[in-house]
Amino acid sequence: MAGWTPSSNNANTGIGSHGSCCAEMDIWEANSISAALTPHSANPVGQTMCTGDACGGAASSNRYAGTTDPDGCDFNSYRMGNTTFYGPGKTVDTTKPFTVVTQFLTDTGTASGTMNEIKRFYVQNGVVIPNSMSNIAGVTGNSITTAFCNAQKTAFGDTNDFATHGGLGSMSTAMKGGMVLVLSLWDDYAVDLLWLDSDYPTTANPATPGIARGTCSTSSGVPATLEASVPNAYVVYSNIKVGPIGSTFNSGGTGTGSGSSSSSAAASTLKTSTTSTKKTTSTSSVASSTTSASGATQTHYGQCGGTGYTGPTVCASPYKCTYSNPYYSQCL
């Protein structure tokens with residue numbers, strides 16, 4: 001590879017002379033401590049080769065030199081001021097399986113419209129949980145809109161590169177063109193995932209809005225430590241569904257957002273390991289699964305057992321409850 005320089009702390013990675021830029025929709029960057037929903041706009045939205053510092057990002061002398069917004073417009077509940085919403089034993093209890101629902105709304109209420117809002121819900125133990133509201137002064141709401149992104153960037157003093165590269169309009173174009181779904185489990189050799197679940201930048205005052213992102217120590221997340229201490233960390237993605245608003249999960253009568261502004265939705269049931277306070281991060285970069293059946297039996301592909309699970313344990317005929325691991329069994 002041209003100009004390849006191996007990483008000093010990882011034999012499997014490095015940096016070359018060229019990079020690849022495109023729009024990115026991070027539906028789910030999370031561990032058991034914090035979670036972030038983040039669109040990254042780009043201009044152009046499609047794959048574009050870059051060279052050297054023109055790539056932007058952490059490896060360039062100018063972070064914002066590239067054609068893709070490196071920061072994105074993120075919604076992390078902890079960073080938005082609600083420190084009791086997501087995590088072990090919290091409103092969304094990450095010690096138990098849950099479903100992540102992401103809705104992409106448009107200005108016309110049709111798939112041909114332009115995306116103008118991204119909404120997030122969770123479903124756990126049959127209960128639909130709307131995303132937490134922002135508790136940051138000057139920033140309102142619990143979804144990603146142009147107004148939210150602009151207000152958040154101002155409140156946090158962040159560069160609004162999301163708007164520079166087209167914002168939600170850019171994401172709308174990218175999704176209409178088709179995006180690749182990537183599911184992964186990873187750790188961060190650059191900054192130890194502190195941008196997700198700790199105080200970041202680490203030298204800033206955590207009392208400053210936007211700095212505190214989770215409860216992890218600023219010394220946590222070192223890949224060598226993680227890989228040695230929790231080599232069996234895992235995430236289970238199941239029942240991935242994509243469809244019209246409200247079709248991918250059982251709302252149980254709870255409101256799911258604007259019915260007049262629907263386009264498409266994605267949902268995904270997750271289970272993460274909980275063997276340490278700082279974990280590798282699971283990422284879903286375009287769609288995410290389903291909830292439990294409302295009756296006494298579970299539907300095909302639904303969860304039917306596992307530690308902490310309280311839903312149906314009998315599968316609808318002809319499916320059988322199949323053991324996967326101590327935390328998850330599924331109707332197959």
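Mentor: Two remarks before we start. This is a predicted model, in which local features need pLDDT of at least 70, side-chain atom pairs count only at pLDDT 80 or more, and totals for chains, interfaces and linings use all residues. Residues are numbered from 1 along each chain as its sequence is written, and side-chain values use heavy atoms, with hydrogens and water left out.

Trainee: What makes Cys 50 and Cys 55 a disulfide?
Mentor: A disulfide is a pair of cysteine sulfur atoms within 2.5 Å. The sulfur atoms of Cys 50 and Cys 55 are 2.0 Å apart, so the pair meets the definition. The structure holds four disulfides.

Trainee: Why is the disulfide of Cys 50 and Cys 55 called right-handed?
Mentor: Because the torsion about its S-S bond is about 105°.

Trainee: How do you know whether Cys 50 is buried or exposed?
Mentor: Buried means under 20% relative accessible area, exposed over 50%, and partly exposed in between (1.4 Å probe, protein chains only). Cys 50 has 9% relative accessibility, so Cys 50 counts as buried. Cys 55, with a relative accessible area of 18%, is buried as well.

Trainee: Which parts of the chain are linked by Cys 73 and Cys 149?
Mentor: The two are joined by a disulfide with an S to S distance of 2.1 Å. This pair links distant parts of the chain, 76 residues apart: Cys 73 is in the loop between strand E6 (48-51) and strand E7 (86-87), and Cys 149 is in helix H1 (residues 146-156). Helices (H or I, at least four residues) and strands (E, at least two) are DSSP runs, numbered from the N terminus. The link of Cys 73 and Cys 149 is left-handed, with -100° about the S-S bond. Both cysteines, Cys 73 and Cys 149, are buried.

Trainee: What is the accessibility of each end of the pair Cys 304 and Cys 321?
Mentor: Their sulfur atoms are 2.0 Å apart, and they form a disulfide. Cys 304 has a relative accessible area of 3%, so Cys 304 is buried. Cys 321 is at 38%, and therefore counts as partly exposed.
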